[in-house]
Amino acid sequence: MGKVPKKRSVADKVRKAKTSVEIKNNPFEVKVNRKKFDILGRKSKHDVGLPGVSRSKANNKRKETLLKEYKQKGRSSKFIDKRFGEYDTQMAPEDKILKRFAMERQRVHDKKDLYNLNEDEELTHYGQSLAEMEKFNDAVNSDDESEEKGLLSAELTASHFGGGGGLLRKKTGEQHDGEETYRAKSRQELIEELIQKSKQEKRERQVRKEESHELTEKLDQEWKSIQALMVKKTPKGDRAEEEKPKLEQYDMMVRELVFEMKAQPSEKLKTPEELAREEREKLQKLESDRLRRMMGDEVGESSQSQSHISADDLHDGFILDKDDEKTLSYQDGKWNIGEEADKDKAEEDNEEEGHSGEEEEEGDEEEEEEEDGDEEEEGEQEGSDDEEDGHSDLESEQESDDEERTETSAQPSLSKEEMKAQQEAAKAELPYTFTAPESYSDLKALLQGHTPDNQRLIVARTQKSNHASLAVGNKLKLQKMFGFLLEYIGELATRSPPELATVDKLIPELYTMCQMFPEAACKAMQSIFADAGHSVEEVLEVKGHVPFPALDMLIYLKVTGLLFPTSDFRHPVTTPALLYISQALTKCPVRSLQDVTSGLVLCCLAVEYVTFSKRFLPELVNFLAGTLHLAVKDKTSLGYMVVAPFRPTGRCSDLLVLADSESRKSWTKKSLPLSATRHLEPRSELDRDHHRFMCLSTCLDLVKRCCVLYKDLASFTCVFRPIRTLLSEHLSAQTLPELLQELRREILESIGGAAVTRCRLVLEKKKPIPMKLLTPKIVEVLDYGKKRGCTREEREKERLKHKYKKEFKGALREIRKDTRFLAREKLTEVMDRDSERKRKVRELFGSLATQEGEWKALKRMKRK
């Protein structure tokens, strides 16, 4: 019996009604939809809404529909009959059965014939086709046919059913023999008969093939005999000489390229580390040889004689032993194997005794010695090649060559005096390996007392012996050595007299080290210029004027232009150097010829710095104009302005004025010496005038170079106007030598021939840009407040569009809500599974803990 439904009490009804009334009366559960304005006669259904109630209804609806579909997803709890025609009421049951049977046979047939490649093969039984046997052509169809056809003879009965023993006994011997001939063949006999037939067919095919081949050969022979009669050959004398077609230029070039020598593979390019390692090993070997010579030991030649390479050599590295290298020759009816071997041994001994030599300290001399040694070795190889020929007519020549070679190669041992001289020569040589100096005093002690060339060699060998890639601390050592070399160059420039030749030899090594360590070189030069700048500022604060830079500072400026690029817009080294030059040309007063010389040297350095970049230096042009002003004799009406550090008039304004105008006749052009910046002591007024001419020549050369550099400037004529006025009006040509007169004329022509490209400053004329004007879009509105078309179709179209948008937005909103609902359900399932898994894990741990406690308790009881 079913469960009796529980009757609802009046309290339940009251409670339910009370909750609904409470929800409606709860102001937090009610949402009021405000209206913009009220319309009389219009009823509104959505004045007040209950969002909580509608949300709960939607959730319940999703639980009943969407949640059930999600839980039943991927499950099948129905049996569907998929047989053909099961739900087709128009087909008869017999047709359904036949169609299903045909489809099943077709499916089985397709599955069986999937890999059947012999589709046309015919199945047989005892030589008869099974397809023909199934037609039942021999069956008896009616009783009207002959009676004999239906009778069972003894032979038929015996062949099909065995015949029985009684029938076979009554037959005679002849009938018995006949039955044996017509008895059924066994399976083995049929197989043998089939094999015989296949062999017979194969033999027949072979015979036919041989016959056709013989007939073909016979036909070919007969054709050859007839062919001579059909073809008429013309004699060679009657044939016209056919001109061969000339090769085109392309074909000739292709044939020439075939015979051109192919490029040979070169050796692998070595890395800088490998080259440095080889250089150090070479220097170490040379140093060990030098030390051995100092001790009095004989040193063999380092380079071994190059073995002769035959033209047939495969370069496979296969070398025969000395015992196997025997030349077979026949002379006077005897084999002379032993004699040739003895000769070879004697020649080898003589060659080994003859190989000895010494090596020079210079790299170029070593190369020359190696070349001479190579020539000698080539001569020896040619001689050995002649010996290996083994011809009897050349034996006398070979013997004479052998005698000469033994005489030249055999050298007597060195005497004590020669050995002592060799030791002294080895001691006088420079060592080939040096340790990197740790301080400036070490470097100074290392280089002191040597010639400039030897000092360069010492620095180069020190650098190669302590290359940065050979050890960990070598890089820091060489960086320190660069700073020490700069300091050493400065000291060489301050000596009296300055050793400028040594400085010139050391600059290439400085350049090499600067390329290896550019950052360290940059910092070293920056520190030098920073110290010089600070010292200039201190002197200016104390004395108010600064002397021109000394010779060591000029050398540093020159080295900077050689080591670092001067055409960069900004450079961490050349830019401070250029500023230092500008500061010196502006703030150092000119008080003597020595100051003029120093200033001209600075001008030369400045021109070298700006040659590529063509940067304009006003200090340079001002100093050159001031130098020319020093040569003006009459300074009453100048017509140009003199800029500091020069003065228009005064004690030091006539430094380049000649004491005797006739001194120009004995003057010859020379370069300005750098030593004049350190001390200048002319012996007479003539020497002083010659030095003044030298300064004027240098100044005019620099002015000419500046004209070439700055001729493209728009202000060229204005900048060089003071120089033009000075040369044309104040510096007379009669007081100058011919070379200086030529320079003066060229400068005036270059300044006067420059085209003036200036134009007046005018405001740029541009057409004013008008403001953007947007044309208003005018839309006719017939009915205010509503968007309606003119016709009925347009209004219907607008209504459908509005409805479509509304429904589309609602569908998107519902889809988002459904997606959030499913996401919550999935998260709930995952959390339930995780909590269930944790519960089971806790149970397992609890059971294991209980088991462990019981086991320990049992163990304690056993101990007791």
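This is a predicted model: local features need pLDDT of at least 70, side-chain atom pairs count only at pLDDT 80 or more; totals for chains, interfaces and linings use all residues.
Local features are described where pLDDT is at least 70, side-chain atom pairs count only at pLDDT 80 or more, and totals for chains, interfaces and linings use all residues. Residues are numbered from 1 along each chain as its sequence is written, and side-chain values use heavy atoms, leaving out hydrogens and water.

**The chain as a whole**

- The chain holds 30 helices and six strands; these are DSSP runs numbered from the N terminus, with helices being H or I of at least four residues and strands being E of at least two.
- Of its 864 residues, 23% count as buried (buried means under 20% relative accessible area, exposed over 50%, and partly exposed in between, with a 1.4 Å probe and protein chains only).
- Among contacts with a separation of 6 or more, 70% are between residues 24 or more positions apart (a contact means heavy atoms within 4.5 Å).
- The accessible surface comes to about 68,000 Å², and 53% of it belongs to carbon and sulfur atoms (areas come from the Shrake-Rupley method with a 1.4 Å probe; for residues, only the protein chains shown count as cover).

**Salt bridges**

- Side chains of opposite charge can pair when their charged atoms come close.
- A search of the whole structure finds 22 salt bridges (a side-chain nitrogen of Lys or Arg within 4 Å of a carboxyl oxygen of Asp or Glu).
- One of them joins Glu814 and Arg62, at 3.1 Å from N to O. This pair links distant parts of the chain, with Glu814 in helix 30 and Arg62 in helix 2 (residues 51-64), 752 residues apart.
- In helix 30, Glu836 and Arg839 lie three residues apart, about one turn of the helix, and their side chains meet in a salt bridge of 2.1 Å, N to O.
- Asp81, Arg83, Glu86 and Arg100 are linked in a network of salt bridges.

**A positive patch on the surface**

- Arg55, Arg813, Arg816, Lys817, Arg820 and Arg824 gather in a surface patch of positive charge.
- Patches are made of residues with over 30% relative accessible area and no salt bridge, with like charges joined within 9 Å and nonpolar side chains (Val, Leu, Ile, Met, Phe, Trp, Tyr) within 5 Å.
- Lys and Arg count as positive and Asp and Glu as negative, while His and the chain ends are not counted. The place of a charge is NZ of Lys, CZ of Arg, CG of Asp or CD of Glu.
- Helix 30 (residues 792-863) gives the largest share of the patch, five residues.
- Arg820 is found in helix 30 and is partly exposed, with a relative accessible area of 47%.

- Ser496 and Pro497 are joined by a cis peptide bond with omega about -5 degrees. Pro497 is in the loop between helix 19 (474-494) and helix 20 (500-516).
- From Ala644 to Pro645 the peptide bond is cis, with omega near 20 degrees. Pro645 is in the loop between helix 25 (618-629) and helix 26 (685-709).
- Lys614 is not a glycine, yet has a positive phi of about 55 degrees. Lys614 lies in the loop between helix 24 (593-609) and helix 25.
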